[in-house]
Amino acid sequence: MTDVDLAAHLARTAGKLLLAVREAGVFSAEALGKAGDQTANQFLVHALREQRPDDGLLSEETVCDGARMGRERVWIVDPVDGTREYGEGRLDWAVHVGLAIDGVATIGAVALPAIGLTLTSGAPPALPPAQDPPRLVVSRTRPVREATAVARALGAGLVPMGSAGAKAMAVVRGEAEIYLHAGGQHEWDSCAPVAVAAAAGLHVSRIDGSPLRYNLANTWLPDLLICRPELARRVLALVEAMPPPD
């Protein structure tokens with residue numbers, strides 16, 4: 001399989017495993033999240049080590065031994081992005097399988113198992129016409145000040161949603177025009193979604209306009225912006241002009 005075919009196959013299969021674990025009906029919501037994370041992680045880690053033994057690997061659910069730092073190709077996976085949403089039986093959770101090459105999110109597959117959809121960097125959907133005023137997807141529990149301020153300035157509607165992957169794919173699928181996050185994430189939260197979004201022709205960057213970089217020693221990524229390219233300059237300018245928090 002090609003890299004993108006492998007990413008899609010693994011994300012889709014992990015999603016099926018997660019649905020099976022949830023449908024077993026033997027776990028509480030909290031225990032379900034843990035069981036799902038561990039089940040999907042074991043599958044993804046073993047499969048990638050079997051299929052791409054010479055590549056590096058970074059997973060949210062596996063302790064990093066540092067071996068990835070010497071590799072040009074590093075798979076970055078999130079077995080369940082949106083564990084809370086998964087445990088609650090919601091639709092807005094995802095499986096991320098991404099490949100960073102020389103620090104760039106290059107290959108990605110994001111499965112949305114609850115709705116039976118997997119989006120990839122190899123065959124992203126065509127972007128539908130943008131809505132005006134735009135829609136800005138935000139956390140359903142803790143929208144960040146930068147996102148709400150940009151939404152006010154643009155007259156944008158807010159679309160609350162769960163996982164980072166679901167939010168990013170909402171922009172790819174034309175359900176929103178902007179995903180701006182400034183509350184901090186890890187590399188596994190955005191690598192695969194960023195690869196898919198970039199392949200679809202969307203703008204992807206940090207909120208200061210600088211490139212997103214992956215396979216760093218510190219996996220923390222403070223912020224990101226995924227949006228329609230025609231809106232990027234205005235959104236970045238609005239963020240730059242914001243006063244510092246009190």
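Let's start where two helices touch: V150, A153 and L154 in α4 meet R234, V235, L238 and V239 in α7, where contact means heavy atoms within 4.5 Å. By class, this contact of α4 with α7 has 6 nonpolar, no polar and 1 charged residues. Keep in mind that this is a predicted model, where local features need pLDDT of at least 70, side-chain atom pairs count only at pLDDT 80 or more, and totals for chains, interfaces and linings use all residues. Residues are numbered from 1 along each chain as its sequence is written, and side-chain values use heavy atoms, leaving out hydrogens and water.

How do the two helices lie? Helix α4 (residues 145-154) and helix α7 (residues 229-241) pack at about 120°, and their axes are 10 Å apart. That makes α4 oblique to α7; angles under 35 degrees count as roughly parallel, over 145 as roughly antiparallel, 65 to 115 as roughly perpendicular and the rest as oblique.

Now for a hole inside the protein. On a 1 Å grid over the protein atoms alone, a cavity is a set of points where a 1.4 Å probe fits but cannot get out, and lining residues have an atom within 4 Å of a point. The count comes to 1 cavity of 30 Å³ or more, and about 60 Å³ of space lies in the largest cavity.

Who lines the largest cavity? Its lining residues are V137, V138, S139, R142, P143, V144, A147, K167, Y179, L180 and H181. Sorted by class, the lining has 7 nonpolar, 2 polar and 2 charged residues.

Methods
On a 1 Å grid over the protein atoms alone, a cavity is a set of points where a 1.4 Å probe fits but cannot get out, and a pocket is an open set with protein on both sides within 12 Å along at least five of seven lines; lining residues have an atom within 4 Å of a point. Grid points are joined across faces, edges and corners, and a volume is the space filled by probe spheres set on the points. Ala, Val, Leu, Ile, Met, Phe, Trp, Tyr, Cys and Pro count as nonpolar, Asp, Glu, Lys and Arg as charged, and the others, Gly among them, as polar. Axes are lines fitted to C-alpha atoms, for helices over the stretch in contact, and angles run from 0 to 180 degrees between N-to-C directions. Helices (H or I, at least four residues) and strands (E, at least two) are DSSP runs, numbered from the N terminus.
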